[in-house]
Amino acid sequence: MSSYVHGGTTAREVARLEKQADFTASFTFSTLELQPGLRVLDLATGVGAMGVRLLRACPGLHLVGVDLAAAQLAAARHNHPELPVLRADATRLPFPDATFDRVHCSWLLEHVPTPTKVLTEVHRVLRPKGLCQFVEVDNETFGTTPACPSVTEVMRRLNHAQQQGGGDPFVGEKLEAHFAAAGFERVQVDRRQMTGNRRDPRFFQAFIDEFAEIFEGLDESLGTEALPLIASAISELRGLWDAPAGELRYTPSIARAWR
Ligand SMILES: C[S@@+](CC[C@H](N)C(=O)[O-])C[C@H]1O[C@@H](n2cnc3c(N)ncnc32)[C@H](O)[C@@H]1O
């Protein structure tokens, strides 16, 4: 695992992941083709935020969450006792071949040095015709109007910290290649630009909050000397709301692949 650039399992980070899960689920669950009775793996379940929302979206799933980090799983067990979880490395899953009908995974591949190894394991544990879905970052697509210099600098440092730790903040643009290298023959990658502006005030506010809260958790990975820069970036982000033609843009990558 590369070093985790976000803020561990502090109460603030757990609350952020729970809130982020509502945001992520709103544009990802509809394409997972869930039905009661399916065997589902939530890979890199973290604090269980997406796993428990999968259960709520489709009661009757046989779902298990897996994560490498004991502290994340302790938070998952405490906050979501209804969600079965176990500790394992995504590159060496403790399941027989063809165990799962679905594999769900959000925001993992940016953190691992060998995405293809993870996907090879997912290919192995999926049953024939089973579906996996990965929601991933591509920080190259981040943009604001007007330009925000402190925000740009925080993103530059975040990307650098992630790369230094062995991760890849631009993994979204390489998903087709990673899935093909892992043996998947049928892959669809959906890249839909998300644009926040005053035309949809609720979404714009949620989108600004999402990034502002990510930035708030970056003091650990960027160092305390970055605190003034982070504060300035958060203020620039929040200022987009009142800026003429203010806009925030990001394009997550959602890959669906069939075994
Ligand atoms: C950004 S969090 C995402 C958590 C969750 N999927 C969500 O959307 O809330 C990334 C998670 O990947 C886990 N992780 C990183 N490398 C891993 C690996 N090799 N195997 C399993 N989990 C891993 C981390 O411990 C962390 O919980």
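**Close-up views of a predicted model**

**View 1. Residues around the ligand.** The shell around the ligand has 13 nonpolar, 7 polar and 2 charged residues. The model shown here is predicted. Of the 22 residues around the ligand, the nearest are Ala44, Gly46, Leu68, Ala69 and Ala90.

**View 2. An open sheet of 3 strands.** Its order is β6-β9-β8, and the pairing is antiparallel. Strands β6 (143–145) and β8 (194–196) form the edges, each pairing on one side only. From one strand to the next, the twist averages 15°. Strands of a sheet pair through backbone hydrogen bonds.

**View 3. The pairing of β6 with β9.** Strand β9 covers residues 247–250 and runs antiparallel to β6. The two strands are joined by 3 bridges. Gly143 has Arg249 in β9 as its bridge partner.

**View 4. Helix α7 on the sheet strands.** Helix α7 spans residues 201–216 and lies across β8 and β9. Relative to β8, helix α7 runs at about 105°.

View 5. Ile208 is found in helix α7. Ile208 counts as buried because 20 other C-beta atoms lie within 10 Å, and the cut-off for buried is 20 or more. Leaving out residues up to four places away in sequence, Ile208 touches Gly196, Leu237, Arg238, Leu240, Trp241 and Leu248. Val47 is 161 residues from Ile208 in sequence. In space, Ile208 and Val47 are 23 Å apart, C-alpha to C-alpha.

Note on methods
Residues numbered from 1 in each chain as written. Predicted model: local features only at pLDDT ≥ 70, side-chain atom pairs only at ≥ 80, totals over all residues. Pairing = 2+ DSSP bridges. Helix = DSSP H or I, 4+ residues; strand = E, 2+ residues; numbered from the N terminus. Axes fitted to C-alpha atoms, helices over the stretch in contact; angles between N-to-C directions. Contact = placed C-beta atoms within 7 Å. Near = placed C-beta within 6 Å. Nonpolar A, V, L, I, M, F, W, Y, C, P; charged D, E, K, R; others polar. Buried ≥ 20, exposed ≤ 12 C-beta atoms within 10 Å, placed from the backbone.
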